[in-house]
Every structure is written in C-alpha cells, then in structure tokens.
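Thank you all for coming; I would like to take a few minutes to walk through one model with you. Please have a look at it before I start.

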Amino acid sequence: MWETRPCASAFRPCFIKRLVKRSSKGSVFGGRVSGAYPRTGTVEAEVVVGTASGADDDAAEGVERTFRSAANPEEDEEGEEEDGPEDDSAKQVGRDSRTFEIEISRRKVVWQSLADRDLHYFTASPPSSNAKHQPKHTDAMPKRTSEAAELPSGKAAALGQATARPEAAMAEEDEGMGEFEDRWEDEVESEGEVIDANAGDDEDGEDEFTPAMEDEEAPAPAKKTFLPGTKLGQDEMLVPDNSVYLALHSLSYAWPCLSFDVLRDSLGSDRATFPHTAWVVTGTQAGEVPGQGKAKDEVVVMRLGGLSKTQQHDSDSEDEDDDDDDDVDEDATLDYLTIPHVGSVNRIRARPAPTNGAAIPDPYHVATFSETGKVHVFDVRPYIDTLAGPSRPRQKTPVHTITNHGRNEGFAIEWGETGLLTGDIASKIFLTTLTPTGFHTSPNPYLSHTSSVEDIQWSPAEPTVFASASADRTVRVWDVRAKGRKSVVSVEAHTEDVNVISWNKGVDYLLVSGGDEGGLKVWDLRMFKGTPTPVANFSWHTAPITSVEWHPSDSSVFAASGSDDQVTLWDLSVEQDEDEQPTIPGEGGVEINVPPQLLFVHQGQKDVKEIHWHPQIPGMIISTASDSFNAFKTISC
C-alpha cells in the first residue's frame, strides 16, 4: 500500500515528511530512503529536497547523488555478477523543470515538483521481475556535490544537496520522539491516499510506476440555483453566484432609506471602466431610539465609491497565490452629508439634469414628500461640491415648501420640463412650476382618481402630458392644457391597487405598470380605448410590486422589484415559445413556468422598495431595501 503525505514548501527548504510504501520490497519515509529487497541488503539515506521555485536542476542533482550513494551494491545470493561499476548503479534517466526520474538498479524514484501547489512527493516502485543484477550494500556515506560542500548547511538543504545523516544519529533522535511526532515539524500535514502498489502489475511481471497522488479534499456541498416558489431547507442559505455579476456591492446606512434617486455627475457618460462611482440622494425613515423617542429624519447626499468589478474566484484552481491581494474584491465606500428633514421621507426625486452637457446643475433641486403632507425642495449642489472637493456653505433648510396637500401625505412625485407634479392619498394632484421669481403651485388640483395617487410619470415626448397610477386600480393619462383638469383617457389596469408605473423613453407609447397583486403589465397607449389588453402580462412576482423602471437606452428591457424580495430584469424582445418554456417544481409538485422574457433574478435584500438604472453607467442598477443598498451589474444587461 502507498501512504502519501504532501509537504508544502512555499519559498523554504522542505523535508519530505512521510511517504511510506507498506510492502516487503521497500519503503520511503521521513526524508529517508530505505529498501530491503530480495537478494539485497538494506539501503538507507536521508533525502533533503529544495523548493520548486529556486533550483530544480541543483535539487535533482542532489537527489541523484543521494540515491547513488545510498544504492550500495552487495553480492546477491546466487552470485550473479553486476553489469557496471558501483558508481553506475544509479543514473539519472530524465530531467525537465517539472519531473526528474532517477533509476537505482531498476528501482525507479521520481521527484515530482507540482507547480500548482508547490508540493513535493517521492514515490518508489518495486524492482522489475526480470532484474538480473542487484546493488551491493556498504556502509558508505553519501557525499555532497562540490558546490554544496562550500555552502552553509541551510543553503545546501535548500538546493537539495545536503548529505545523508548517519543511521545512529537518526536513531538517537527517534528515541526522543513520540510515535506520532514529526521530526521536521512541517506546517502542512494531511492524510494521504492509499494505493495498492501491486494493483498495476502486468502479466509478464513488469511493474507499472504509480505516481504519488495529491490529497483529495472532501467534496464541497452541492450548489443549486434557487428560484422563487421553492423553499430553503433547514440548513440551506442563499449565496450569490458571482459568475453572473460583473459587479455586486452592498452598502448600509444607519436608518432605512426607502426612496432614493440617482444624481448626475461630471464623470462622463457610458462609463465602462471599473471601479465606478455613483452619486445618489435619499431620505430616511428613522425609527425609535430607546429612551429618546423617534430619531430625526434626514435627506442624505451619498457618494458610492469603489464599485469594483466582482472577482471570479474559482475554488478548484490550485495555482493561485493566497497572498496575492490583487484577487481580493475592493470594498465599496459610502461617503455622505445630511440635511435635517421634518418627518419621514416617503418619496424623493431629483430634478432631471440636461443630458447634452456634463456639468452638474446649479442649483440642483431635489424634492421630498414628507409624512407630514408637506413637499420640500432642497438645493443639493453645495453638498455634492463639499463631498467632491473644497467645502462650500450649505443651506440646511428647504428653498421652498409646498403646503397645498394640507396634512395628506403622499407618495407620487415627479419632475418634468413643465414643473413638479405631486399626488397625495386624497386623490389630488398639484402642479408646481418654477418661475423667475421662484416656485409657484397652482391652487387647483387635478381630480379624476377616486383613491390614493401612488405614482406619476411625465411623458418623454410631450412635455404637457403625464400619466398617473392609483389605488382605484386605474392608470390615467392627463394633459395640463385640458380644461377642467380631468384625465383625457383611463384604463382599469390591475385587479388591485396600481402601485407604480414607468414610461418608456425610447418608445413613447409603451408604459409598464405594477400592481398590488404582483402583476407586471406593459401597455400600448395607442390602444387606451374601451377595454384595452396589455401587450405583455407577467405574474412572476408573488407579492406587491414596489418599483418599475425602463432601461435608459434599451427600449425592450425594464427592471422591477417586489415585496417578495426580488429584483427582476425583463426583455420584451425575447419571443414566446410554449414548447421550450422552462419549468421548475414548486410546492406540492405543481410546476412553475419560467417566462422566457425573464432575464435575471437578483435577491439578497429584505423588502426591496425602489430601484433605478444609473443613466451614466450602462447596466448598473441600484436598489434600496429595509436593510441595505445594493449596486450591481449583471452579465444580462
């Protein structure tokens, strides 16, 4: 039987710890080679091996000489004569930078320098049955090479040219050691694999060489793709598959931030070089502080830095240097400045910046809808400049406050070329415009909804047209020029509340909506008459939809989030194929159909509330949930 123990030699001399051939024909162990063969006396020699990184040739030469000295010829029982002189009883038969073979009277010993783990093994094969001559045995000690004789003992050992030690000295050391103690105290020791030395013998009696086998580690637990509709086992947990992410980062703030918007920066458009930097503005929903009551809420200007590319670590790759810091993902950084805010921030939106210029708007207006019913407008440009460079005086109070909603809070807020639209839970929509003298809010609301206004979107093509979603289950389209401030067209879009909508910026007649029942529907606004039918209808999510947004440059792709802790990416350009539609087993053996338009499912956050594509970093998505922000880029978009 073969019992192998690998020895790690990372940039240091290495003694072979144990390599034992358990048979009557010979053994190699403890850095010492010994053999008790038929018609041959016992041959012993200590073997010192250098590293694979420095002197392969010198080390091999030292090993050769060690074995040559150890192979001392002796008269065999039948009195057969030897073919050659004693010095020729061992000769090197092969050499390269990876493997050296040294044959000692047809007993082959191979040093394998495995570059992938920098491990050294010794293996020995039994003598072939047709061997006619055996070496003599003497008590001669092996000699170092002339180069090694002039080296200090440590350096000679590193080059594999140390001399063998007398057996008596080895015995003295053995007497002071326990049965399981390690003479050389190597740092790496693992149980090896057991192999039958005689299993590969040919019928004609010739032995096949069996190379040393590296230790086998216990197999890692099997991983499988998780899809919603399946339950995790008691000992299972979700971990991200980094192979499908170009970037994936999670960042946390002191309080939940359930609404945010992406701020335009001056770093350029269509950025592809990692690491990325993103600017966002968000608002908190602070909780209770023990003994102090409710914490103060804030508007937070954030800079997300160091959004590096996700490293693709391959656990099966064994030639990686663990000390190489280049393969370690950089941690993303979060820098921020805060602005005091009265009440929790239900929704926050930044005024769109001109897309034809790289300059950051000044002033840069951001609007918040508070739980108090007030809409506050802040200028965040001084905060951006302070984070990016020299400090600037910063105003900590709103530049304008809209009070037309009274005490009715709301969640619908949207900037456009015409002005700022805000909708409350009392079904009222107000328009605020910016004039040379400041902000002005019309006292007359837009009234057609019969329940809470949940979301508002300006048309990307017509600056006077906007759409709204409501808890009355309808989506309505308005024109601010119409008399009576009534909607011009409407459709019952969902069976429950319509929570969110998004207007396609590339195809101005497409609008996507998300409902409380978890449905996603894509509408052709040209068909908004009578009882229109959506051009696409997806029922993948199992909880209310909380956010939807079209891709800023790919008009067929949109993203959605839901209270089922999913962020999904969809591509309408993928055609339906009923014959090839994949399914997964669900609860109770019921199969779940996977829509072919579903590109990607991102999970890992709890109660995802809002998502946005970054308009200057193609494919980058930022999401916020009750526990963290995620910034990620997938291989799908």
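This is a predicted model: local features need pLDDT of at least 70, side-chain atom pairs count only at pLDDT 80 or more; totals for chains, interfaces and linings use all residues.

How much accessible surface does the protein chain have, and what share of it belongs to carbon and sulfur atoms? The accessible surface comes to about 31,200 Å², and 47% of that belongs to carbon and sulfur atoms. The protein chain has 5 helices and 45 strands, and buried residues make up 48% of its 637 residues.

Over residues 491-526 the chain is 53% strand and 0% helix, with the end C-alpha atoms 12 Å apart.

Let me turn to the aromatic rings, where a search of the whole structure finds 13 pairs. One of them joins tyrosine 253 and tyrosine 336 edge-to-face, at 5.0 Å centre to centre and with 90° between the planes. Tyrosine 253 lies in the loop between β14 and β15, while tyrosine 336 is in strand β20, so the pair ties together parts that are 83 residues apart in sequence. Tyrosine 253 counts as buried, at 15% relative accessibility, whereas tyrosine 336, at 41%, counts as partly exposed.

Another edge-to-face pair is formed by tyrosine 446 and tryptophan 478, at 6.0 Å centre to centre and 80° between the planes. Both tyrosine 446 and tryptophan 478 are buried, and together with Trp458 and Phe466 they form one aromatic cluster. The charged end of arginine 485 sits over the ring of tyrosine 446, 4.7 Å from its centre, and arginine 526 lies over the face of tyrosine 509, at 3.7 Å from the ring centre.

How values were computed:
Residues are numbered from 1 along each chain as its sequence is written. Side-chain values use heavy atoms; hydrogens and water are left out. Helices (H or I, at least four residues) and strands (E, at least two) are DSSP runs, numbered from the N terminus. Buried means under 20% relative accessible area, exposed over 50%, partly exposed in between (1.4 Å probe, protein chains only). Accessible areas come from the Shrake-Rupley method with a 1.4 Å probe; for residues, only the protein chains shown count as cover. Rings of Phe, Tyr and Trp (its six-membered ring) pair if their centres lie within 6.5 Å; planes under 30 degrees apart count as stacked, over 60 as edge-to-face and the rest as tilted. A charge sits over a ring if NZ of Lys or CZ of Arg is within 6 Å of the ring centre and within 35 degrees of the ring normal.
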